[in-house]
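Have a look at the structure first.

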Amino acid sequence: MKNVNYIIGNENTIDTPLEPFSDCVINFLNDVSSCLLKSSKIREFTDLSAFAFWARKANIQKKKENFSEFNRLGRGLCFHIAPSNIPVNSVFSYAFALLAGCSNIVRLPSKDFPQVDFICNLLKEFLKNYPEIEKRTAFVKYEKDDEINAYFSSISDCRMIWGGDKTIELFKSYKTKPRCVDITFPDRYSIAIINAEEIKTLDEDKLKRLSFDFYNDTYLMDQNACSSPQLIYWLNDNKTARDKFWECVYICAKEKYNLQDAVSVDKYTKICEDAILNSDYISNFQNVENLLYRIELNKIDENITELRGNGGYFYEYSLKNYDELFNIINEKYQTITYFGINPETLRNDIIKNNLKGIDRIVPIGKAMDIDVIWDGHNLIYELSREILVG
């Protein structure tokens, strides 16, 4: 089509499905992983490092072993609409659908990212060695265009729609095949739960490790990822433990974070907006050199998901018990990162209370660890179909 720039592949992408976890796909991903792990680029771009580690053959084989049904085929052609603010998400999305046995057309963000350019060039090189995958792969770029969106949607057997509620609403307006399966990733809200009593037991090295993990969950993507915590809940609250934790987070951010002027202005603007519009919620706030904003809340309710920060802007609340939290959780909630609590007890309580929200409970430091089970979807199953014999 006109105005479509094919970064990888061409308009002749075939839609013939493969079996999930085919050997050629596993070997292809492993080759890309091995090259990335040897490259200096992964020290520059941590998101490339995350993909390289995930795509290792040993890791994918474990997932294959846990995949019990092999009488399946991919659904056909998968159209991916990648988010604009998470650069390597498009490659993860592609890999998930490829493992499910799908052919792929991936729309890359229109904004240029050096790590995306690098990995696309790498994929292009290795695809030459895997013709069966090469003819099932296209990465494209184009400006916002209803005609192009509609065309790719019309030929797709499934779509992976990232980017939030407005993007999903737009793409659902396009006509698709009757059996087209959409997997959508709407706007979500994530939180952290920290047991203050456990913070007090940490020595200096362990506290530094925890603060570094928290930094990776938040500052690395400016809290733009749906799984990055916006609100920190403190169990067994203790001011000394809180201050100890945040001081270590601040030190980590001061060493590692590059505070952009625009983000700095955004945070100042945000605190002004909160002071005007959300004063009923806020009892106190602290700002440390514009690297770290702490907004203390005096209450929580079902509208709390409207409170969002970025670039080191955190809300926090002293949580009396889980029931207080369960009363406000809705389908907007995605990930709970935690420290010092029993995750299985929390999961069982979520199930027992029949909550519509919370799809992941992971330790602090694992918020960004995207995988084939994401947002409550088992992507391998949903992007493939079972061939039943009666």
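Nine nonpolar, seven polar and five charged residues make up the lining of the second largest pocket (Ala, Val, Leu, Ile, Met, Phe, Trp, Tyr, Cys and Pro count as nonpolar, Asp, Glu, Lys and Arg as charged, and the others, Gly among them, as polar). Bear in mind that this is a predicted model: local features need pLDDT of at least 70 and side-chain atom pairs pLDDT 80 or more, while totals for chains, interfaces and linings use all residues. Numbering starts from 1 along each chain as its sequence is written, and side-chain values use heavy atoms, with hydrogens and water left out.

**The pocket**
- The second largest pocket holds about 640 Å³ of space (on a 1 Å grid over the protein atoms alone, a pocket is an open set of points where a 1.4 Å probe fits, with protein on both sides within 12 Å along at least five of seven lines; lining residues have an atom within 4 Å of a point).
- Of its 21 lining residues, Pro87, Gln115, Leu220, Met221 and Asp222 sit closest to the centre.

- Six strands line up as E1-E5-E4-E3-E6-E7 in an open sheet with mixed pairing (two strands pair if DSSP finds at least two bridges between them).
- Strand E1 (5-8) and strand E7 (181-185) are the edges, each pairing on one side only.
- E4 (103-107) and E5 (137-141) run parallel, joined by four bridges, and isoleucine 105 stands opposite alanine 138 in E5.

**Helices across it**
- Helix H5 (89-100) lies across E3, E4, E5 and E6, at about 165° to E4 (angles run from 0 to 180 degrees between N-to-C directions, with axes fitted to C-alpha atoms, for helices over the stretch in contact; contact means heavy atoms within 4.5 Å).
- Helix H8 (146-154) lies across E1, E3, E4, E5 and E6, at about 150° to E3.

Methods: Grid points are joined across faces, edges and corners, and a volume is the space filled by probe spheres set on the points. Helices (H or I, at least four residues) and strands (E, at least two) are DSSP runs, numbered from the N terminus.
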